Each structure stands twice: as C-alpha cells, then as structure tokens.
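Please look over the sequence and the structure before reading on, and keep both in view while you work through the points.

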2 protein chains.
Amino acid sequence: MEDFSGYPIHEPQFSTSASFSVDTENLQRQIDELSRFSDTPAPSVTRILYSEKDVLARRFIKNIMASSGLSVREDAVGNIFGRWDGHEPELTAVATGSHIDAIPFSGKYDGVVGVLGAIEAINVLRRSGFKPKRSLEVIMFTSEEPTRFGISCLGSRLLAGSDALANALKGTVDGQSISFFDAARSAGYAKGLEDLTSVFLQKGSYSAFIELHIEQGPLLEDEGISIGVVTAIAAPASIKVDFEGNGGHAGAVLMPYRNDAGLAAAELALTVEKHVLESGSIDTVGTVGILELHPGAINSIPSKSHLEIDTRDIDEKRRNNVIEKIHQSAITIAKNRNVTLSEFKIVNQDPPALSDASIVEAMEAASKELNLSHKLMISRAYHDSLFMARISPMGMIFIPCYKGYSHKPEEFSSTGDIANGVKVLAVTLAKLSPA
Amino acid sequence: MEDFSGYPIHEPQFSTSASFSVDTENLQRQIDELSRFSDTPAPSVTRILYSEKDVLARRFIKNIMASSGLSVREDAVGNIFGRWDGHEPELTAVATGSHIDAIPFSGKYDGVVGVLGAIEAINVLRRSGFKPKRSLEVIMFTSEEPTRFGISCLGSRLLAGSDALANALKGTVDGQSISFFDAARSAGYAKGLEDLTSVFLQKGSYSAFIELHIEQGPLLEDEGISIGVVTAIAAPASIKVDFEGNGGHAGAVLMPYRNDAGLAAAELALTVEKHVLESGSIDTVGTVGILELHPGAINSIPSKSHLEIDTRDIDEKRRNNVIEKIHQSAITIAKNRNVTLSEFKIVNQDPPALSDASIVEAMEAASKELNLSHKLMISRAYHDSLFMARISPMGMIFIPCYKGYSHKPEEFSSTGDIANGVKVLAVTLAKLSPA
C-alpha cells in the first residue's frame with residue numbers, strides 16, 4: 001500500500017477488481033479436504049457438534065486461519081475467531097463467517113463456503129496490498145445445525161447474549177443422554193465452567209457482520225445471476241400439534257361414530273397451506289414436515305396424530321398472524337371432528353432480521369465494481385446472521401447452488417461462483433473497513 | 001332323547017331352553033386359563049402363530065375338545081377339527097368355530113369365545129340329551145390375525161381352497177426371515193410338505209358354518225341387545241399409495257415452486273372420507289390408518305408420502321366404486337400438485353359375504369326361543385367366516401363387548417353375554433342338525 005500521495009482519494013485504492021485474485025484451486029482443495037472429516041462416506045458429509053470429526057475439522061480451520069496470519073481465539077462453546085488487526089485496532093471490528101457443522105448425509109458447501117471463503121477473502125485483501133483500518137475478524141460459529149442438541153445456531157444465539165439458552169444448556173442432553181457440558185469438555189471447551197455468559201458479546205461489538213453462503217434455493221441459478229444481496233432473513237416459527245380421538249377398528253366403527261385424529265391432522269396440514277397462501281405475500285411460507293399417526297396400522301382408526309409445522313416470513317407480524325390463524329383452525333377442526341387438541345405449542349418464534357442498509361449498499365456496490373450480476377433477495381433459510389443481527393449491523397451474500405439443493409450430498413456450487421462470492425465479500429469488507 | 005311318541009313333532013324336542021344350561025364358571029375359567037398362554041403380561045394377550053405359547057394353547061384346546069368327547073384331527077397348517085359324530089355321519093357336518101391367536105397386546109375374548117364357546121355349545125347339547133343327525137364339528141382356525149406372516153385368515157383362506165395362497169406361502173417369511181414352512185414345522189405341522197393343497201376343502205364339505213364372536217363394535221352394548229344375528233360380512237380392500245415430489249428446504253422453496261408430497265397425502269386422506277360418505281350408505285367405511293412422510297423433518301418439505309387405506313362395505317360393487325373414486329382422486333391430486341403418483345396398489349379386494357338365509361332364520365328363531373333380544377346386523381370386521389362362506393352356507397352370532405373395544409387389553413364380554421351366545425349357538429346347531 002502506498003502512502004498518501006497528495007491527491008484526494010475518493011475511492012479506495014483497491015476499487016478495481018483487477019488486483020483481486022482468488023486462489024480458487026487452493027480454496028476448492030480446502031473445501032474438499034474439510035469434507036473428509038465426516039462420519040459418513042463421500043459424497044455425503046456428516047459432521048456433528050463436538051464429535052471426533054468435528055474436533056479435527058476445527059483444528060483444520062484454526063490451522064488455516066493461522067496460516068493466513070490471523071490471530072486465533074476460541075470461546076467457551078467453541079466459536080472460533082480469527083482476527084487481522086486493522087491499523088486502528090481500537091475501532092470495532094468488521095466480522096464475517098459461518099459454520100462448518102453438517103447434518104447427517106448432507107453436503108460440503110453449506111456454511112463451509114462462508115468460513116473458508118471468508119479466510120480466502122482476507123487472503124485476497126492481503127495479497128492486493130490492502131490494509132484495513134478496522135480489524136477484520138473471521139468467525140466460525142458453533143453448531144448452526146440443531147442435530148446434536150436440538151438447538152440451531154447455538155453459537156451465534158449465545159454470542160447474541162441469550163440468557164435463556166445459557167441456562168437451558170445446563171440441563172441439555174443429546175440423544176445418548178450426554179450432557180451439553182460433557183460433550184463440550186470432551187472437545188476441549190467449557191473447561192470447569194457451568195456459566196456461559198462469558199460467550200456473550202455486547203451489542204456493538206462489531207461495526208458490521210457479513211455472511212457468505214450458498215443460496216440453498218434455486219433462484220440465482222434459474223435466473224443466471226451471480227450474487228444475491230440479502231436484504232432480510234425470514235425467521236421461522238415452529239409449532240407442535242397433537243390431536244387425540246378414540247381410535248377403533250377400521251371395520252367396526254361406522255363413519256358417524258368416528259373422531260379420527262389422522263383426518264384432523266390432514267385437515268390442519270392443508271389449512272396451514274391455505275393460511276400461508278392467504279397472506280398474499282410470496283415471502284410467507286409454511287410446511288408440515290412431520291405428520292405421524294398412532295397406532296399406525298392399516299385397520300386402525302388413528303387415535304392420535306402429531307404434526308410439526310414450520311412457518312416463516314420476513315414480516316414478523318404477518319408470520320405471527322398466520323400462526324394465530326393456524327391455531328384458530330386447529331381449535332375449529334378439533335371441535336368439528338370431536339377430537340381433543342391436546343397440544344398446540346409454539347416451540348420457537350424468532351423475529352426476522354433486516355440487513356443493514358449501509359451493508360446492502362456496500363454489497364451492491366462491490367458486485368457492480370466486480371461486474372457481477374446481482375439481485376436483492378430474501379434469505380428464506382435462517383443463518384447465524386439472524387442472531388448476529390441482534391448485536392451488529394448485518395448483511396449476507398448468496399451465491400448460486402445447483403438446483404437449490406442443500407442438506408444432501410448433491411449440494412454443489414461451482415468454483416467460479418464461489419470465487420465470485422469471495423471477491424464480493426472481500427470488496428465489501430474493504431468498503432466497511434477502508435484502508 | 002325319546003323315540004318317536006306317535007304325535008307329530010313340529011318343533012325339535014330341545015326347543016325349550018329350560019334344558020339348556022351353560023357351565024359359565026367352567027367356560028370363564030377356560031377363557032382365563034387360555035389367556036395365560038401369552039408373550040406379554042396380563043391383562044394383555046399376545047399369542048403369535050406357531051410360537052411356543054401358541055403351541056401350548058393349541059394343546060390346551062385339543063385337550064378340552066377330547067374331554068368333551070370330540071374326535072380331534074389337525075391339518076397341515078394346524079387348523080384343528082373336533083368332531084361329534086351324528087347318527088347319520090354320512091351327511092355333511094354342521095361346523096362352528098373361530099380362532100385363538102391374538103395380536104400383540106390384545107385381549108382374551110376375540111376369537112376365543114367362538115372356540116371355547118363352540119365346545120361348550122356341544123357340551124350343552126350333550127348334557128340336554130340331544131343327539132345330532134348330522135355330525136357337529138368345532139374348528140379352530142390357524143392364524144386369523146396377520147401378525148406373523150402378514151396374511152389374515154390364513155387357515156380359513158386355505159380351507160376355502162386358495163391356490164394363490166398355497167403357492168405364496170412357499171416363499172413367505174416372517175419379520176425374522178423364518179420361512180412359513182420352518183415355523184409350521186417347529187410347531188409340529190407341515191411335516192415334510194411343501195404342498196398345502198391337502199388343506200383345501202371341497203365346496204359343500206359342510207352343510208352350515210356358524211361363528212360365535214364378540215361384536216368388536218359398540219352397537220349391541222349401546223342398544224342393550226343380547227344377540228347380533230349377522231346377515232353379511234363387510235369385506236375390506238387395502239390400498240397402498242405413494243406420492244413423490246421434489247422436497248426441499250422449508251424456508252428456501254417458495255410456495256409456488258413446491259410439489260409437496262405430504263399435502264398430496266393429506267388431501268387424499270380427506271378425499272377417502274369424502275368418497276366414503278358420498279356412497280350414501282352407513283355400511284361404507286374407509287380409513288387412512290397409515291400416513292408417513294419422508295424425510296420427516298420439520299424444516300424439510302416432504303419429498304415422499306405413503307398412505308395405506310382400508311375401505312369396506314357389504315356391497316362389493318359400491319366398495320369398488322369408492323376405490324375407483326379414490327384412484328381418480330389420487331391421479332387428480334398428483335396432477336394438480338405436480339407430484340408423481342408412484343404407486344396405487346390394491347393389495348387385496350376380498351368380496352363381502354352374505355349369511356345364508358336359512359342360517360339367519362335359525363339364529364333368529366334360536367334367539368326368540370331363548371327369549372333373548374336380538375337384531376340383524378352387519379359384521380364390519382372380517383372373520384374366518386368370510387372365507388368359510390366360499391365353501392359352505394355361513395352365519396355369525398355376535399355378543400356385546402365393553403364399549404366395542406377389541407385388540408386391546410380392555411377387551412371384555414360378560415359371562416352372561418357369553419353364555420347367551422353359547423346358548424344361541426347350541427340351539428342353532430341343533431336346528432341345523434336336528435335330532
């Protein structure tokens with residue numbers, strides 16, 4: 001980097017993308033290598049929180065951070081931070097990152113692109129001669145996926161200061177009755193601790209947080225667009241519903257005498273779809289991913305049914321209105337079918353998050369400078385960014401992925417698309433922490 | 001029995017029920033003792049075909065038959081026959097019977113009342129001094145329940161001459177991959193055989209077949225009626241349906257781009273109910289007892305769904321019309337929801353059976369003579385009688401059971417109700433094989 005030349009500087013000196021070169025070969029090799037820390041055979045990836053493979057993968061990430069000149073620290077639950085000190089290190093840092101845990105039999109890009117890609121973005125900036133004013137920090141979040149303890153975005157929720165979660169984890173066990181703390185300790189974390197408030201970050205700890213991620217939807221690929229600039233993250237609400245009827249023999253109980261808990265569930269599933277469509281917004285979605293009947297025999301009228309409903313929106317009020325309609329429908333269906341609505345439990349109801357306008361502007365400007373087609377879009381899936389938004393201005397960069405596939409071995413983003421994402425991230429970081 | 005007195009006899013001499021006495025205490029003790037041959041603790045009963053407990057229970061039945069003076073024989077699959085020779089033994093016999101196998105965690109009356117009660121009916125006749133013209137035969141059918149090999153009414157289907165079943169059993173294995181023949185041999189049957197045609201009975205082998213059974217429905221108890229005279233047995237058809245869509249992330253795939261296999265299943269389940277109700281007959285029933293979603297995760301749009309549908313009627317044409325409507329709806333739903341109807345398989349489609357008019361008449365007359373309230377009714381559940389009807393005039397006698405419960409430990413019929421059923425059976429047998 002040159003010193004001040006005497007001429008006024010209106011644009012940062014790295015404004016031309018010409019000086020930015022992503023080492024795509026190395027980045028792809030790292031993605032491939034990381035995918036081998038898996039409990040299931042390639043091409044699938046299974047990497048569960050605090051497992052042996054997760055610990056090895058964490059070491060792999062820390063080594064790459066260190067090789068890239070970042071100073072590495074970890075908190076009590078294993079969120080990993082790699083910092084490149086800016087030349088005004090007293091300023092709040094600009095952060096970027098994602099996760100590397102992977103649900104069973106999933107793919108190698110979800111999350112990973114936003115961790116290895118973030119480190120590469122730092123490398124890109126370094127190689128270009130850029131020196132940031134604010135420190136830049138790469139974060140690898142612990143357990144974005146809920147696989148082991150049923151809690152998604154565990155690390156980022158704690159960073160955002162969730163007392164409720166910090167308390168709940170004291171009593172949390174996995175499917176094998178291993179406590180969260182025993183699991184964390186086996187991976188080298190939470191040593192001697194039962195208090196996780198040390199993980200909490202103050203609001204304003206970062207001046208910006210940006211996450212690079214595969215879209216996990218088909219829009220960018222379908223439209224042939226390179227970059228998605230995320231303006232909002234839709235937040236899910238999860239609902240568990242149970243109906244109970246009397247059951248009985250499929251031959252012996254005549255139709256007028258039935259109170260079929262299975263048909264109540266079927267009706268509610270269709271009602272979820274109806275209320276979602278009635279919202280009138282393309283951004284409202286609702287899904288019944290779980291529908292179980294008891295006793296589940298062909299010649300038995302279902303005496304119990306269980307549904308789990310996921311509904312999301314970028315507008316919290318609109319989403320909550322859908323939830324209320326679903327609740328009213330569940331009550332009405334139970335009444336009409338003479339079954340008991342034995343449970344209607346809203347398991348979580350996270351608020352959506354909006355990207356920060358200045359970060360959106362920076363991401364758009366970066367795309368333009370790099371001559372990459374881009375569009376403003378919504379993140380329908382949620383991410384650690386949803387929780388980072390509670391303590392920092394937030395933005396997300398999406399890149400296309402094959403057919404929108406995610407959470408399966410077929411998940412794929414091309415080296416070129418990943419490189420584009422890394423470049424946009426690098427330029428955005430530079431804009432948010434100018435030299 | 002007196003010789004001909006010189007006066008014209010219009011009624012059989014045992015026409016007054018006064019001489020008929022059921023040994024209710026002994027019968028109840030036998031029912032209780034038999035219930036102890038179970039693989040699960042009382043009050044539940046679990047007695048699976050050819051298991052150790054089944055073999056012991058069979059020995060128990062054969063001993064009681066022999067004690068009652070019946071000559072006992074067994075066929076190659078373990079249908080057990082106890083015969084009381086009539087004084088014109090060259091005439092075709094009158095038969096009665098049921099089964100003693102019990103699905104897991106069920107009760108002690110289903111089937112059992114029609115086996116032990118049939119032997120007691122013979123005892124009643126014997127004690128009254130009655131001597132039948134036609135031989136009377138008690139049959140204990142093998143495997144009315146489908147638990148072990150997935151085939152219901154295995155013994156009676158074979159008796160009725162099912163070549164298809166005799167062939168299929170050559171390749172049939174249970175859940176532990178034990179072949180039907182190995183299981184049968186371990187219980188002392190099918191010795192050295194692979195040919196089950198020896199089990200087949202010619203049409204006309206019996207002049208009548210009557211089965212005494214608990215109602216397995218609530219009508220008799222609700223209406224305070226002692227005896228159900230069954231005029232027809234509704235027969236089930238079983239259908240398996242699979243839908244396939246593309247699945248996807250519950251957040252990422254917007255509603256217009258979905259083809260949700262779960263909602264297709266929900267819609268079909270409600271359509272089954274609709275078509276059944278449209279039949280306009282109280283006798284048409286339809287049930288979706290199994291509805292499964294894949295992958296079955298709250299944040300995954302179901303990519304596959306599986307339904308199993310049971311529909312029954314006493315009118316075969318009407319039932320088959322319902323099946324055809326369900327099929328058309330499945331096609332339409334698949335088309336509208338852009339999912340694939342990857343399977344629509346009619347697993348079985350047994351024809352219903354009508355009771356023989358002369359047997360119905362005899363059962364009604366018996367009830368009247370015994371001053372027992374009775375009503376004509378349909379058997380909504382199916383029984384070995386459905387298959388015996390293929391080779392013999394058939395009738396069934398129902399007795400009340402507590403709340404219509406069956407296939408659970410709470411299954412119960414009172415000693416008095418059982419005794420009433422035994423008396424009606426005894427009088428009916430006597431009428432069909434007069435002295």
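What follows goes from a whole chain to the contact between chains, and then to single bonds and residues.

This is a predicted model, so the values below are computed from it. Chain A has 435 residues, of which 58% count as buried, and its fold contains 12 helices and 15 strands.

**Chain A as a whole**

- With 12 helices and 15 strands in chain A, the radius of gyration of the chain is 24 Å, which is close to the 22 Å given by the globule rule for 435 residues, so chain A is as compact as a globular protein of that length.

**Where chain A meets chain B**

- On the side of chain A, 45 residues are in contact with 45 residues of chain B.
- The two chains, A and B, bury about 4,000 Å² between them, and 68% of this area is on carbon and sulfur atoms.
- Within chain A, the residues that lose the most area to chain B are L254(A), M255(A) and I298(A), which together account for 16% of what that side buries.
- A250(B) is placed in the loop between β9 (235-244) and α8 (261-278) of chain B, and because its relative accessibility is 0%, A250(B) counts as buried.
- Although A250(B) and I301(B) are 51 residues apart in sequence, their C-alpha atoms are 5.4 Å apart in space.

**Backbone features to look for**

- Most residues other than glycine have a negative phi, and most peptide bonds are trans.
- A cis peptide bond joins A42(A) and P43(A), with omega at about 5°, and P43(A) lies in the loop between α1 (24-35) and β1 (45-47) of chain A.
- The peptide bond from H294(A) to P295(A) is also cis, with omega near 5°, and P295(A) has its place in the loop between β10 (285-294) and β11 (304-313) of chain A.
- Y50(B), a residue other than glycine, has a positive phi near 65°, and Y50(B) is found in the loop between β1 (45-47) and α2 (52-67) of chain B.
- N338(B) is not a glycine either, yet its phi is positive at about 55°, and N338(B) sits in the loop between α9 (316-336) and β12 (340-349) of chain B.
- Is each of these two residues buried or exposed? Y50(B) is buried, because its relative accessible area is 4%, whereas N338(B) is exposed, because its relative accessible area is 56%.

- L125(B) belongs to helix α3 (residues 112-127) of chain B, and with a relative accessible area of 0%, L125(B) is buried.
- Apart from neighbours within four places in sequence, L125(B) is in contact with F20(B), W84(B), F130(B), L136(B), A426(B), L429(B) and A430(B).
- L125(B) and V22(B) are 103 residues apart in sequence, while the distance from C-alpha to C-alpha is 9.6 Å.
- A234(A) is placed in the loop between β8 (227-233) and β9 (235-244) of chain A, and A234(A) is buried, because its relative accessible area is 1%.
- Not counting residues up to four places away in sequence, A234(A) touches R312(A), D313(A), I314(A), I378(A), S379(A), R380(A), A381(A) and Y382(A).
- The C-alpha atoms of A234(A) and H383(A) are separated by 9.6 Å, although the two residues are 149 residues apart along the chain.

Conventions:
Residues numbered from 1 in each chain as written. Chains lettered and ligands numbered in written order. Predicted model: local features only at pLDDT ≥ 70, side-chain atom pairs only at ≥ 80, totals over all residues. Heavy atoms only, no water. Helix = DSSP H or I, 4+ residues; strand = E, 2+ residues; numbered from the N terminus. Buried < 20%, exposed > 50% of the residue type's maximum accessible area, 1.4 Å probe, protein only. Contact = heavy atoms within 4.5 Å. Rg over C-alpha atoms; globule rule 2.2 N^0.38 Å. Buried area = accessible area lost by both parts, 1.4 Å probe.
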